[in-house]
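Hello,

Here is the structure I promised to pass on to you. Please have a look at it first, and then read my notes below.

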Amino acid sequence: MAEPLDRLREQIDDRADEDGEFYVACADTDRRPTPLAGRRFPSESAAREAADRAATYRALLRESDPALPEYRLAVYETPRDAPTMVSTREPAAGRRSNGLPRSSRSVTLSGEREREWLRMENAPLVHVRHDGEPLDDDAVARQLDAKL
């Protein structure tokens, strides 16, 4: 089984392009399962071909692991005007109840077409994605509970 899996991975890698504007993810969860995680493609057709090969790859894996999750794969275009986040933290007077020094944090989201989309001062900042993958609910809850 290893040889067909390696061949499918190579075929997906051959279609990938670091600067590509398309990616493949689950239409329901937005997860990018193996072997698609972190890969981008130069065209919609290359991404579609990679999705087909990934579906075959995962079907082969499922023969030895029936519990492997199934994903409904779809092709997406990377937004050209993705926002940029800038976060700054400055010291503030006093200490928190947990003994750490107080600080003031500001976050600004901006994009190419607008100078500033959103600015927040001392509001909780919660990350919901990491490396292109959505974070689990527990990870988001821990961030909210930390009150940083």
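Which backbone oxygen lies 3.2 Å from a polar atom of the side chain of Arg-62? That oxygen belongs to Pro-69.

Before I go on, a word on the basis: this is a predicted model, where local features need pLDDT of at least 70 and side-chain atom pairs count only at pLDDT 80 or more, while totals for chains, interfaces and linings use all residues. Residues are numbered from 1 along each chain as its sequence is written, and side-chain values use heavy atoms, with hydrogens and water left out.

Back to Arg-62, which sits in helix H2 (residues 44–64). Arg-62 is buried yet has no salt bridge, and Glu-70, the nearest side chain of opposite charge, is 4.0 Å away. Here buried means under 20% relative accessible area, exposed over 50%, and partly exposed in between (1.4 Å probe, protein chains only). A salt bridge needs a side-chain nitrogen of Lys or Arg within 4 Å of a carboxyl oxygen of Asp or Glu. Leaving aside residues up to four places away in sequence, Arg-62 touches Leu-68, Pro-69 and Glu-70 (contact means heavy atoms within 4.5 Å).

Now the overall layout. The protein chain has three helices and seven strands, in the order α-β-α-β-β-β-β-β-β-α. Of the 148 residues, 25% are buried.

Next, the aromatic rings. The count comes to one aromatic pair: the ring centres of Tyr-23 and Tyr-76 are 5.5 Å apart and the planes are at 25 degrees, so the pair is stacked. The rule takes rings of Phe, Tyr and Trp (its six-membered ring) with centres within 6.5 Å; planes under 30 degrees apart are stacked, over 60 edge-to-face and the rest tilted. Tyr-23 is in strand E1 (residues 22–26) and Tyr-76 in strand E2 (residues 73–77), 53 residues apart. Tyr-23 counts as buried at 12% relative accessibility, whereas Tyr-76, at 27%, counts as partly exposed.

Finally, have a look at Arg-31, in the loop between E1 and H2. Arg-31 is partly exposed, at 28% relative accessibility. Its C-alpha atom is 8.5 Å from that of Tyr-71, 40 residues apart along the chain. Beyond residues up to four places away in sequence, Arg-31 touches several residues, including Tyr-71, Glu-133 and Asp-136.

Best wishes

Definitions and conventions. Helices (H or I, at least four residues) and strands (E, at least two) are DSSP runs, numbered from the N terminus. Lys and Arg count as positive and Asp and Glu as negative; His and the chain ends are not counted. A polar contact is a pair of N or O atoms within 3.5 Å; within protein, one must be able to donate a hydrogen and the other to accept it, and residues adjacent in sequence count only if both atoms are side-chain atoms.
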